[in-house]
Amino acid sequence: MANTMMDVKSLKNFINGEWKEVEGETTAVINPATGETVVHVPLSTKETVDEAVVAAKLAQKEWAMVPAPQRAEVLYRVGQIMKDRKEKLSQLLTLENGKVIEEARGEVQEGIDMAFYMAGEGRRLFGQTTPAELQNKFAMSVRAPIGVVGIITPWNFPIAIATWKSFPAIVAGNAVVWKPATETPIMAYELAKIYEEAGLPKGVINVVFGSGSSVGDAMVHHKDIRVISFTGSNETGSHIAAECGRQLKKVSLEMGGKNAVIVMDDADIELAVEGIIWSAFGTSGQRCTACSRVIVHEDVKETLEERLLVAMEQLTIGNGLDEKVKVGPIINQAGMEKIKKYIEIGKNEGAKLLAGGYVLTEGEHKEGNYFAPTLFTNATANMRIAQEEIFGPVVSLIPVRSFEEAIEVNNSVTYGLSSSIFTKDVNRVFQAQRDLDTGIVYVNAGTTGAEIHLPFGGSKGTGNGYRDSGVQALDVFTEWKAIYVDYSGKLQRAQIDVE
Ligand code: UN1
């Protein structure tokens, strides 16, 4: 089934509007559901990055001169092509990433939404006009493009996150050099083709396939790339930030999460179970926003455990292209090893394993990377399984005695991406949205499902203060410029010639 979906055997870089063959090493893209090779992807070098930056730099000068509403026209066309091609893109996404087809369709939709939303920014890109402190003087601020921007995107949302970053960059008048994850290059290949068909001028987006240590590193150190926008692990993100810091280069980071659902004693337990199952085991837990902790009031702990176990029984695990499957495979062996390691850590720390905790190896699961949805209970807030990101279908229940303790446990991790509370008490709802120290808060819903017109990102160790998506994404890819026009015909000195 696999390879018939791809029209090529090997992917090419997209530089200066041309598909360029790379001489040298390639690596196989493996379908995590079957172990089959889907396509080969080049492992490019610094020289290719240099070439892409030269093209981007040249293209950006002209692109910045195109009025923003016209730049936006390209994004409208990109959105429309994505919409027309939604099913094909979704199938390919499942093929390379493994996520179940329903979620793949959701992810492609997220990209379509972003296209139309950011295209709208072509007629906004609002700045401010504000009174000047002197007579016959005008003051305003405008957003200016930065130049060539570098985007580095992860395998878990290979198309949505690429749209979160490239659309605002492009509508704002920048040119992009993009390094997609080598595990999931097909979405980058498809999106580049769509940009080409939509008529984006050559060089405005350039895709360079390759590893972080080679292509990513060259981007981070290239003097003409003035911004790096990165989504991925904390380890890589903090390294990038340090390198960019030394060069005074702007960097936007979206990294890990240790997101919790709080279930209070007055919660609608059935609804909470649905929210937990969806946000903990959807995408096999491989979302930055995935729920990996459940902080439960002791009075409802037993009921919640029982119902979660029943719901977990219903989860079908397998190839995501099968519409009936609810939980797909884990991206690769390294991901599997990490999850297995944390199962052992959890057991050794004294958490009680209620369900799962093992690799599926029989029958249809033999060739892929399948891990059983896993539930630990009686975890404590400071255990490693309750503190560290596992990035798999593993959730730990932490019992608490009060609302205050629930908030404290939620906030006890180094991350701050998403949190959720199930309660019917309106006072607790408002206290929780004030006190939960995450960038995203849900009430009576799980921890996943952010919409593209709101800021996406987290506090503390999750990021560095910037946001993907929403109008806030423009802050990453623009520089504020303050403009003063003095029409008095004489020299007026600010702060001095004020009556
Ligand atoms: C991610 O896991 O990095 O809110 C992105 C969500 C999705 C995006 C997740 N809309 O779960």
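The legends below accompany several close-up views of this predicted model.

**View 1. Two domains share one protein chain.** The chain is divided into domain 1, spanning 13-255, and domain 2, spanning 259-443. Taken over C-alpha atoms, the centres of domain 1 and domain 2 are separated by 31 Å. To the contact between them, domain 1 gives 23 residues and domain 2 gives 25 residues.

**View 2. The largest nonpolar core holds 72 residues.** Apart from it lies another core, of 30 residues, including Ala272, Leu304, Ala355 and Leu397. As general background, nonpolar side chains in soluble globular proteins tend to be buried together.

**View 3. Here are the surroundings of tryptophan 178.**

**View 4. Tryptophan 19 and tyrosine 189 form an edge-to-face aromatic pair.** The model has six aromatic pairs by the rule used here. In this one, the distance is 5.4 Å centre to centre, with 70° between the planes. The pair links distant parts of the chain, with tryptophan 19 in strand β2 (residues 18-20) and tyrosine 189 in helix α6 (residues 186-198), 170 residues apart. Tryptophan 19 has a relative accessible area of 27%, so this residue is partly exposed. Tyrosine 189 counts as buried because its relative accessibility is 8%, and buried means under 20%. Ring pairs also bring in Phe14, linking Phe14, Trp19 and Tyr189 into a cluster.

**View 5. Phenylalanine 167 and tyrosine 195 make an edge-to-face pair.** The ring centres of phenylalanine 167 and tyrosine 195 are 6.1 Å apart and their planes lie at 80°, so the pair counts as edge-to-face. Phenylalanine 167 sits in helix α5 (residues 160-171) and tyrosine 195 in helix α6, 28 residues apart, and the pair links these distant parts of the chain. Both phenylalanine 167 and tyrosine 195 are buried.

**View 6. Helix α8 has a buried side and an exposed face.** Helix α8 (residues 234-246) has 13 residues and reaches 18 Å from its first C-alpha to its last, close to the 18 Å expected at 1.5 Å a residue. Which residues of α8 are buried? They are Gly237, Ile240, Glu243 and Cys244. These residues cover an arc of only 130° around the axis, which means that they are on the same side of α8. An α-helix has 3.6 residues a turn, so residues three or four places apart point the same way. The cover over the buried residues of α8 includes β7 (148-152), α7 (212-221), β10 (225-231) and β11 (250-254). Turned away from the buried side, the other face of α8 carries the exposed residues Glu235 and Arg246. After α8 comes leucine 248, whose phi is positive, near 55°.

**View 7. Serine 252 is a buried residue of strand β11.** Is serine 252 buried or exposed? Serine 252 is buried, because its relative accessible area is 1%. Not counting residues up to four places away in sequence, serine 252 touches Ile228, Ser229, Phe230, Asn464, Tyr466 and Val476.

Methods:
Residues numbered from 1 in each chain as written. Heavy atoms only, no water. Helix = DSSP H or I, 4+ residues; strand = E, 2+ residues; numbered from the N terminus. Expected span 1.5 Å × (residues − 1). Buried < 20%, exposed > 50% of the residue type's maximum accessible area, 1.4 Å probe, protein only. Arc of directions from axis to C-beta. Contact = heavy atoms within 4.5 Å. Core = buried A, V, L, I, M, F, W, Y, C linked by side-chain atoms within 4.5 Å. Phe/Tyr/Trp six-rings, centres within 6.5 Å; stacked < 30°, edge-to-face > 60°. Domains from an automatic or database assignment.
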